[in-house]
Amino acid sequence: MKCDYCGTQNNDNALFCISCGKNLLPAIELSHDNEQSEEELGFSFPDSEYIKPEVVTNSYCNTNTTEETDEDNTQADIPHRKNNKRLIISVASALILTCLIFYIVYRVQDNYNYNNPENVIEFYPNYNTKETHIFNRKGEVVHNLTEEVYPSYNLNKTSAILTGNSEYIAEGLRSYNLSYVDMKRYVPFDKKVINFALSDNGKFLAYTTYEEDKGFQLWLYDTAKNKQKLLLTSDDHTFIMINISPDGTDITYTMVNYPWDPTEGNIEMEAFLVKNGSKPKSLGFDKLILALSDDAQYIYYSDLTEDMGLKSLYLLKGDEVILIDEDFTVSGHISLNQDYSEVMFMSQGMTYVSRDGNDKQQISDTVVVDFIIPTKAVRKNNLNFLTIYGFETFKNKIFIDDYDNLMFIQEDYQTEKIGIASKSRNICISKDGNNLVYLSPNKSIIKVSDLQGKRSNSKLIELADTLIASDNLSDIYYLNNKKLYYIKEDKETEFLLDHVWDIQWNTDKTAAFLITDNEDKKGRQLYYIKQGNKIKSAFVDQDIKILSFMRLNYGLGIRLDKNDKKMLYYNPGGVKLKRVLVE
């Protein structure tokens, strides 16, 4: 098997390139609701802001204050103590009630983490000019790069590592032009990089270089201080398959002898852990580290087979090695919760979950393809088969399997089928994760209410081609045969407009943009609508032809054509549109 990244020839069954460490496994198709894209989702990390349910309690105290002499203090102390007792009882009751309310709300919301950073970077490659443009949430361009690059983001999309042109620097070794970028800085590296890993908080970058007179070098770059530190060197072993903990303090890597010949079977591989700058600790030979949590509390890894495949799944928890599944192979998806204490995986065609290294528990006889999470709830995809989600537990969550079944995970990790989604995967879940609308295979819109309580299903619409829904599902727009309809709070359906080609929410979901495809006009036009009210044109200039929507890291991009010039407009919020660039 030939690596698409560096061109090295590997064994046919290899999962990873022996040269650059890149994943050779074909990407598994992930499901998304119609408003989400893989680029806008990630998972939580310690510096992220968790949006907790707001609990407001009002305390009303009537106090009567009287002046007392020293002689009266003794007699007045008795009713004062009674008042204190009443006050204590009132406060205790209020606290109990508050805790009860908090528990109810908290249990339903279940700790979804959301990405909403002010300094998110938007990335737009211009394939015509081979340039790359980076702009902020206001649509203001902050960096113009004169080359075509590919980004690897941190979790909340506030920074990225950009890989540019590549070249062979030695037999079987391919290097890349590498640079770091955030809202304020663009830092190109003067060294040719073989492989790298960026911490989820974007504060640290680990990367491997090779120079003929210096050999292989493993570096750590502090993005905040703009300083790099040489960690390790080797003349005959390269550093590949690098992992950095979400906070950037711990690193794992695999050392591989160089040169090598995969056909001769002379490959030596040893995995190491560097914890908080300490001396590297060997984790054993022929191991592949899959995931590394904060403080190295959870380290998941597998055995590497002779043909560079994976076998068995282990958890290294402190100094304890736990065999989670002996028959595990990477033939399906692996999922982790936000602190890595829960792992969900496939083995022999069935899906299992293990919590804190305990015995695996079967939850489904099908394969989990993806979890259905609210828009902009964080999620990160590592490799092509490992996904980390920004919630505390898999309990009370919905996943879609390889048969398009929508499955609900109960408190005991048992699953219950709640419906079947269409192949188009039009699925919208409320922000608290407790209500759902989706498009069924027969094109009906189905709503599932109170997932974690007395669940009920109802059919809202008989026929639809696509749908979008607000965060609380109170506003639903759907298309049927290019006709646009609106549903407000599950009430009567209202027809809005004909000849609608596409519809998308604006950046903050306060309005919907729609593209019309009316043959009476010159090309596609752009309109917007708020809560089913009057439809208004987004542009005064009718010579503009809309090309497409683009869901970017944070906001909505709109490509259009005006006088044969391609332009990119950006919606920072509301119905405002700002021109970012002319292609």
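Student: Over the ring of which residue does the charged end of Lys287 sit?

Tutor: Please note at the outset that this is a predicted model. A charge is taken to sit over a ring only if, among other conditions, it is within 6 Å of the ring centre. The charged end of Lys287 is 5.4 Å from the centre of such a ring, and the ring is that of Tyr314.

Student: At what distance from the ring centre of Phe408 does Arg455 lie?

Tutor: Here the residue above the ring is an arginine, Arg455, and the ring belongs to Phe408. Arg455 lies over the face of this ring, and its distance from the ring centre is 4.7 Å.

Student: How many aromatic pairs are there, by the rule for ring pairs?

Tutor: A pair of aromatic rings is described by two quantities, the distance of the centres and the angle of the planes. Rings pair if their centres lie within 6.5 Å. By this rule the count of aromatic pairs is 25.

Student: Is the pair of Tyr210 and Phe216 stacked, edge-to-face or tilted?

Tutor: The centres of the rings of Tyr210 and Phe216 are 4.6 Å apart, and their planes meet at 40 degrees. Planes under 30 degrees apart would count as stacked and those over 60 as edge-to-face. The angle of 40 degrees therefore makes the pair of Tyr210 and Phe216 tilted.

Student: Are Tyr210 and Phe216 buried or exposed?

Tutor: The term buried applies under 20% relative accessible area. Tyr210 has 17% relative accessibility, and Phe216 has a relative accessible area of 0%. Tyr210 is therefore buried, and Phe216 is likewise buried.

Student: How many residues apart in sequence are the parts that the pair of Phe328 and Phe345 ties together?

Tutor: The rings of Phe328 and Phe345 form an edge-to-face pair, with 6.2 Å from centre to centre and 85 degrees between the planes. Both residues are buried. Phe328 lies in the loop between strand 19 (320–325) and strand 20 (334–336), whereas Phe345 is in strand 21 (residues 342–347), so the parts tied together are apart in sequence by 17 residues.

Student: Which residues form one aromatic cluster?

Tutor: The cluster brings together tyrosine, phenylalanine and tryptophan residues. Its members are Tyr180, Phe189, Tyr207, Trp219 and Tyr221.

Student: How many bridges join strand 1 to strand 2?

Tutor: These strands belong to an open sheet of three strands in the order 1-2-3, with antiparallel pairing. Glu122 stands opposite Phe135 in strand 2. Strand 1 and strand 2 (residues 131–135) run antiparallel, and the number of bridges that join them is five.

Student: Asn126 is found in strand 1. Which residues does Asn126 touch, not counting those up to four places away in sequence?

Tutor: Asn126 counts as buried, at 2% relative accessibility. A polar atom of its side chain lies 3.3 Å from the backbone nitrogen of Thr129. Beyond four places in sequence, Asn126 touches Glu131, His133 and Glu583.

Student: Which residue in the turn between strand 32 and strand 33 has a positive phi?

Tutor: Strand 32 (residues 445–449) and strand 33 (residues 456–461) pair in the antiparallel sense over five bridges. They form a hairpin with six residues between them, and the turn residue with a positive phi, of about 55 degrees, is Asp450.

Student: What separation do the C-alpha atoms of Ser430 and Ser470 have?

Tutor: Ser430 is in the loop between strand 30 (427–429) and strand 31 (436–439), and is buried, with a relative accessible area of 3%. Its side chain makes a polar contact of 2.6 Å with that of Asp432 and reaches the backbone nitrogen of Asn434 at 3.3 Å. Ser430 and Ser470 are 40 residues apart along the chain, and the separation of their C-alpha atoms is 7.7 Å.

Note on methods:
Residues numbered from 1 in each chain as written. Predicted model: local features only at pLDDT ≥ 70, side-chain atom pairs only at ≥ 80, totals over all residues. Heavy atoms only, no water. Helix = DSSP H or I, 4+ residues; strand = E, 2+ residues; numbered from the N terminus. Buried < 20%, exposed > 50% of the residue type's maximum accessible area, 1.4 Å probe, protein only. Polar contact = N/O pair within 3.5 Å; in protein donor to acceptor, adjacent residues only side chain to side chain. Pairing = 2+ DSSP bridges. Contact = heavy atoms within 4.5 Å. Phe/Tyr/Trp six-rings, centres within 6.5 Å; stacked < 30°, edge-to-face > 60°. Lys NZ or Arg CZ within 6 Å of the ring centre and 35° of its normal.
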